[in-house]
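I opened this structure for a look around. These are my notes, in the order I made them.

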Amino acid sequence: GGCSFCRLMPFQTYIKGITSAVKNSTGKEKPQQMGETIYDSDSSTASTVEEPTEEQIAQSEELKSEANKAFQEDHFVKAIELYTRALDLNGRNHILFANRSFCHIKMENYGSAICDAADAIRLDSSYIKAYFRRGTAYLALGKLTNAKADFREAVKINPRQKEARDKLAECEKALRKERQDSRPREAMTTAAEQEMLAKTMSIQVEPSYDGPHLRDGAVTAAFMDELIAHFKAEKRLHLKYAYQILYQVREVLRREATVVDVDVEDGTFVTVCGDVHGQFYDLCNIFDINGRPSQDRPYLFNGDFVDRGSFGVETVMTLLAYKVLYPSFMHLNRGNHETVNMNKMYGFEGEVIHKLGRDLVPLFTDIFQWLPLAHVIGRKVLVLHGGLFSRDDTTLDNIRALDRHQEPPDEGPMTELLWSDPGRLLGRQPSKRGVGVAFGPDVAERFLTANKLSLLIRSHECKDEGYEVEHGGGT
């Protein structure tokens, strides 16, 4: 789905290439001329685009219409395929590149999105949507300076474009905060924690509240049944109880290791679930089909509990409350969406502010940072959100030693295990996402053998059949 340039070149290299745009005598980017190379880089994969025939243009427009329809129906893989076929016929249509870039953003393929948006800009430097697409992808990757430059250009093109102005302001605010937060955040003192907890306990529950109550702060199976029914009726948990659950689960998670070992007795099993993404009713359907969490029905939810869906608060509160109730039988891994950047971009932060209040946003962030990064089931099955690493000498023990209580850095094992994907080619290739790697079957086999494991389970991608076995059964 991504351009060959993204697949063949390291991310830092192609970022350099696509941000060094062709310039005219005024120093501004100019549209690409027929016969010029698509990519301003030393790569041998650079190609030229010929002028399409009228018949090719017509066929390309038909495919574009089909792709637009697929996009509107949220069939992003199909839309990418159709836009790619349209580009094969007419590679000089900047709108096709920008539209495919948007599909890649929807699929979190930010590297490919940046590459496509850059091509759109080179073909038409006044096309505002291309700057917006590239800025959005940069923002998701935490490349604030690059994102700011693109949103600033979008505002120059159309000063009345509110969304571009808002994104520019968001980047400027984030950059100011980044400068202010250059020193590590100090841990909250015990006294401060106790003061905050006491303040929470003083919150009064109004007589009109008709939802579940925590008796003496204890989460019980009966409370969980009432909570799920309350959320199904699209009602909100009282703020007092939300605080109590969040404080309790944070203490549970603090005590857990970065890599949790899960013992499984003969004849028993653990149900592993992939991305839920705020789809509370899908979560309920899982419980209806497979049974609710209990000592006899352990679960492992493999990250990405929030964002995208409209019920992220309900989904994550249900999972966290079950973690309080059954700390040894409800297992939770961190995903790439349990991060500040993703929560800002994909909706969870706004949802928390709307449903529970702004004060709970940093508490959720703190809890997400305490989530384990991986679980090992029965000493043989490794479960993590994204995938494997850019180096063969990264071991399971290296992961156990990571300081997880932070936002993922720009690179390194923590980021890779949250973002990487399996690839079909041997070895490693740059990730279409712009972060992490695409790891081949040989990489997976070496890692499993070196760490005495038999299977890698990961999530991070949508599979039409619900799951997919790759790498000859190893992934």
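**Overall picture**

I began with burial: 51% of the 475 residues in the chain are buried, meaning under 20% relative accessible area, with exposed set at over 50% and partly exposed in between (1.4 Å probe, protein chains only). I noted that this is a predicted model, where local features need pLDDT of at least 70, side-chain atom pairs count only at pLDDT 80 or more, and totals for chains, interfaces and linings use all residues. Residues are numbered from 1 along each chain as its sequence is written, and side-chain values use heavy atoms, with hydrogens and water left out.

I checked confidence next. The average pLDDT (the predictor's confidence in each residue, from 0 to 100) is 86 for the chain, and 87% of the residues score at least 70. Over residues 1-47 it stays under 50.

I counted 20 helices and 10 strands. These are DSSP runs numbered from the N terminus: helices are H or I with at least four residues, strands are E with at least two. I then looked at contacts, meaning heavy atoms within 4.5 Å. Of those between residues at least 6 apart in sequence, 71% join residues at least 24 apart.

**The cores**

I searched for nonpolar cores, which are sets of buried Ala, Val, Leu, Ile, Met, Phe, Trp, Tyr and Cys residues joined through side-chain atoms within 4.5 Å. The largest has 66 residues, and Tyr110 and Leu382 have the most contacts inside it. Helix α7 (residues 128-140) gives the most to this core, with eight residues. A second, separate core holds 51 residues, including Val219, Ala242, Val316 and Trp370.

I listed what Tyr110 touches beyond four places in sequence; among them are Ala137, Met342, Trp419 and Arg433.

**Strand β6**

I followed Leu382 into strand β6 (residues 381-384).

I then looked for its partners; two strands pair if DSSP finds at least two bridges between them. Strand β5 (residues 374-377) runs antiparallel to β6, joined by four bridges. Ala374 has Leu384 as its bridge partner. Three residues lie between the strands of this hairpin, and Gly378 takes a positive phi near 60°.

**Leu237 in its loop**

I found Leu237 in the loop between α11 (221-232) and α12 (239-254). Is it buried or exposed? Leu237 counts as buried because its relative accessibility is 7%. Its contacts beyond four places in sequence include Tyr209, Phe231, Ile245 and Leu356. Leu356 is 119 residues away in sequence, yet the C-alpha atoms are 8.7 Å apart.

**Two positive phi values**

Most residues other than glycine have a negative phi. I noted Asp74, with a positive phi of about 65°. Asp74 is in the loop between α3 (54-72) and α4 (76-89), and counts as exposed because its relative accessibility is 53%. Glu108 also has a positive phi, near 65°. It lies between α5 (94-106) and α6 (110-123), but counts as buried because its relative accessibility is 4%.

**Cysteines**

How many disulfides are there? I found zero, taking a disulfide as a pair of cysteine sulfur atoms within 2.5 Å. Cys115 is buried at 0% relative accessibility, whereas Cys462 is exposed at 73%.
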